[in-house]
Amino acid sequence: MSAIALDNTTTPAGARRSKDKLLVVSGAVCLLVALVAVFGTVLAPHPPDQTDVLNASLGPSADHWFGTDGLGRDIISRAMAGARVSFAGAGFIVLGSAFLGTTLAIFAAWNGGWVDRNINRVLNVMFAVPGILVAVLASAIFGAGFWAPVIALTIVYVPFYARVVRSSAVRECKMPYIEGLELAGVSSWRICTRHVLRNVSPIALAQATIAFGSALVDFAAVSFLGLGVQPPQAEWGLMVADGRSEILSGAPQQSLVAGACIVVTVVAFNVLGDRLSSRIGADR
Amino acid sequence: MTVPNPNAATGLDGDQPLLEIRRLGIELTDYLPPRVLVQDVSLTVRAGESVGLVGESGSGKSMTIKAAMRLLPDNANVSGDINFDGRSVDKLSRSELAAYRSGDVAMIHQDPRSHTNPMRTVGEFLIEGVVATRQMKKSDANDKAVALLAEMGIGDAGRRMKQYPHQLSGGLLQRVMIAASLMNEPRLIFADEPTTALDVTVQSEVMAILMEQIQDRDLGMLFVTHDLDLAAAVTDTLVVMYAGTVVERGRAEDVYIHPRHPYTAALLASRPSTTQVRRLVSIPGRPATAYEVGDGCAFAARCPFATEQCRSTRPPLRPVDDSQVACHRSEELAAVLKEAASA
Amino acid sequence: MTTNEVGGAADSRPNAGITDGTILPSRRGAEVPADTPSAILAVENLTKIFGRRGQEHAAVKDVSFTLGEGDSLAIVGESGSGKTTTARIVAGLETATAGSVMIDGRPVTRASRGRRQRRADARMVQMVFQDPFGSLDPRQKIGQGLRELLAIHYSLSSSAASQRVSDLLRQVGLDDRHAGQLPRTLSGGQRQRVAVARALALEPKILILDEAVSALDVSVQAQVLNLLVDIRQETGISYLFVSHDLGVVRQVTDNCIVLNQGELVESGPTALVLDSPRHEYTQSLLDAVPKPGWKPRRRTS
C-alpha cells in the first residue's frame, strides 16, 4: 500500500483474528518453567537432596517418576530444584547485560560521531571473544561457583544487546519527534530515558528473551565443565555431567532428563523471542 | 505475448472494453468481522481511453488497481468480477496470470525507488522483463530500451542505461519506469499516483510524456490520484471514490465543471486557489474507510445536505444527466453544487 | 465512542463556521520593508555548504530575507531548493556556514548552547514538521506529552497544567478526550493539530511550518490551514511557511520568497509574486500547477 493509503489505519475497530499460535505455546512453556523455577522446591515430590544409596540409578517408577540418580536422589525433584539455579543464573546474566547493553547502545546512538564509532569498535572486539572461555577463565581466577561465571557471561553478552538495540535506537533518534523534543528544550537525558528507551524497549525485550536461552546453555555448560555451580547443588548442567558415568551402565535418566529440560526451555525461549521480534516488526 | 481470448466475438472487439470491473468488493479476512475496504465498485476502461480514479485516504482507489493486477495480499478476499478483454482476471492460471502481467498490462508505481533494484543498472532493469519472458532477444531489447528512453526525453540514453538508480533523480527514474512499462507493449497501463512524489515542474513534464505515449499507442490507462485538477487535465473519464465506493462517474470535463455529488463538489471547493485569498472550504471530520461507515450513504456523516433518507438508505449509482451519481438528492442540488465547485 | 469520528466534532473556534469560501478582504499584503523595526527575524547572506572537501554541495547560497512581527512569510521552492535547510537553520537545528540569523535582535547560534540558552531559544522558535506519523512519540499519550513540555518551561500546579492542556487542545480544534489517547488512534490531520498544539505550548514568537500540510488529504488540509490562519489572527504569532504548494502559500502567507537551487530568485508580497512574477522560475512554477484549463507540457529544452 502506498504511504497515502496507510493513513486510514488509525482507528481502533474490531479485533484481529489471526492469533500467533507459536507465540502462545512458547509463552505458555516459558511461563510453566518459570513457575517451576520459583515454586519448584514446594512442588517437588521428594526433597532434592535426600540421598538413598540403596535405590540408586533406578529407572522410572511410581515413586520416582523419572528414576533416581547415582546417589538415589529423585531426578525430577532435582530437576525442579535445578530449574531455580539455572533460571537465576540466566536471569542475572540477561538482566545485567540488558541493562549495560541498552545503556551503552542509547548512549552511542544519541551521541553519534566518534563516540558511536569507538563504542562500536570496542563491541566488535568483545564479539570476537568466545563466551565460554571467558567464563572458564573467570572461574579459574576467582574460583568456581555461581557468581564468577554469571559476571563473566554478563559482560560477554553486552555486545549482543548493544548491537541490536543500537540500530533501533539510531532509527528512533532520527525520527522527527525527537528533533521536536530537542527544539522544545527537553534535556538529552530526558529524551533518552523517557522517549528513546521507551520505544526501544520492545526490541530489547525480544532480544532478552532470545538471549535467555543462550545464557541458560552457557551457564549450564560452565557447570557441566565443573567450573560453575558445585555439587551437591542441583543444576541442570551439573546433572548432565553427573549422569555421564551412569549412561554407560545403562541408566541415562539423569543426563536425559536434565538435558531435555535445557533443550525444551531454550527452544521455548528462543521461539518466544522470535515471535515477539516479528510482532514488533509488524507493528511498525 | 498476450492472453488469447477465444471468447472475443469478432467484429465486436471495438465495443468490448479492455478492462471491466463489475461490483468489485475487497475485504480483509484477518479481522473479525472482516474489514471491508472496497464495496460495489464498477468501472470500465476502453482502448485509447484514460480513466482517472480519484479519492482521498481510505477511498480504496489503490486497492482497486491492485486487485486488477491480482496484487493483493493473501488476507484480502475479492468478490465481483474483473475482466480483461472479456477474460476473468481472477480465474487466470499462474502462467496465464504471468502472461497477463507481462504482456497485457503494466503498472507504474508511486515510488520508483522502492520498485527498482539498486544493485542493477537501468539497462538491466529495462530489459529483464522482456528477456525473461522470452519476448525479445537481449540485443533487440537493448535497442528498444534505448529508443524508449530517448522518447522519454532522456538525452544520452546509452550512458543512462549503464547507470544505477541512485544516480538518477526522482523525475528521471520515474521516466525510466514509464519506459519500462512500455517495453512489453501493454494494452493497458495502471498508474498509481505516478507523479505524487515529484516536484510540480517535473510532474508536468512526466505527465506530458505519459500522455503522449498513451495517445500515440492508443493504450488504455487507469490513473489513480488524489489530485482532481491533474486528473481532469489528463483523463477522459473521472471516477470519484469515497470510503470504498464510487460516488460519481462521468466525462472528465463534465465532472470537473459540473459535479453532481456533494463530495466531488466539496473536494473541488477545498483546493487552495493560487489566485484568490478566501476562507478555505473544508469538509468537517476526516475521510472515512468503507468499514467505518454504516448503512446509508457513505458520505452522509460529513455531507451538509444529508437528510434522513441519506443516513438510512445507501444511494445506488444511477444515471443523472450524462454522469452516474450515487446520491439521493443529486438533481435538486445540481445548481448549488455547480456554484460551490466554481467558486 | 471513538474520538476520531468521521463526522468530526464541532470545531468550537470562532471562524470555524465560515466554510463556504467567502472571499475575505485582503490582508496586509503590503510590502514589509526590510529594515522595519518590527522585524522579528532577519536573515542575511545565509549560506550552508554540506559535505567534506572535494564533495561539497551548497544547499543555501547567500539568502537574505526578513519576517515582520505577526507576519506570515512563505519560503517557496521545489526539492533541492534549500527551503527546508534554511528553515532548520532559523530553528537552530543546523548551523549556517556563513551569514547571520537574528531573532528579535539577537543572533541565533547552535554550537555550545547551555541548557538555559536552549530553553530560552525554545520560547522563540518552534516548528511543525511534515510527517504527521513521525511527529509524535508513539508511546506517549497526547496530554502527557503536552504536560511534559509545560513542566520544562513553566512551573504550574497540576490543575493549572491540566487547564492549560485543555486550552491548548481546544485552541487547535481538539478536545479533552484526545488528551488521553495515543497518537496511533488519531488521523493525520489530528496529529498535525497536536503538533501545532505542542509548538504553541511554549508560546513562541515564530512558528516554522515545514510542509506541515503536504502529507494531508486535501479536505483535511483545508481544515488545518484555516486553523493556522485563525491562530495567527488570535495570537499575533509570526509564521515561516515552507511549502512547494502555491495554492497553500497564497492562502496563508502575506509575503514570500522563492528559492531555486539554493538561490533566492524572487521575493515580495505573495499576491504580487503569484499574480505577476518577475522571474522565469516563478513563472515556470505557476505554469506547472494543475488548474482549470491546464495541460501538462514538456519543458522546451
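This is a predicted model: local features need pLDDT of at least 70, side-chain atom pairs count only at pLDDT 80 or more; totals for chains, interfaces and linings use all residues.
Tutor: Helices (H or I, at least four residues) and strands (E, at least two) are DSSP runs numbered from the N terminus. Residues are numbered from 1 along each chain as its sequence is written, and chains are lettered from A and ligands numbered from 1 in the order in which they are written. Local features need pLDDT of at least 70 and side-chain atom pairs 80 or more, while totals for chains, interfaces and linings use all residues.

Student: Which elements of chain C supply at least two residues of the side that touches chain A?

Tutor: Two residues are in contact if their C-beta atoms, placed from the backbone, lie within 7 Å. Here 28 residues of chain C contact 17 residues of chain A. The elements are α2 (115-122), β6 (125-128), α3 (142-153) and α6 (188-201) of chain C; α2(C) has the largest share, four residues.

Student: How should I read the largest nonpolar core?

Tutor: In soluble globular proteins, nonpolar side chains tend to be buried together. A nonpolar core is a set of buried Ala, Val, Leu, Ile, Met, Phe, Trp, Tyr and Cys residues joined through C-beta atoms within 7 Å; buried means 20 or more other C-beta atoms within 10 Å of the residue's own. The largest core has 271 residues. Helix α7 (residues 188-224) of chain A gives the most, 19 residues.

Student: Why does this core lie between two domains of chain B?

Tutor: Domain 1 (19-235) and domain 2 (259-342) of chain B both give residues to the core, so it lies between them; the bounds come from an automatic or database domain assignment.

Definitions and conventions: A residue is buried if 20 or more other C-beta atoms lie within 10 Å of its own, exposed if 12 or fewer, and partly exposed in between; C-beta atoms are placed from the backbone.
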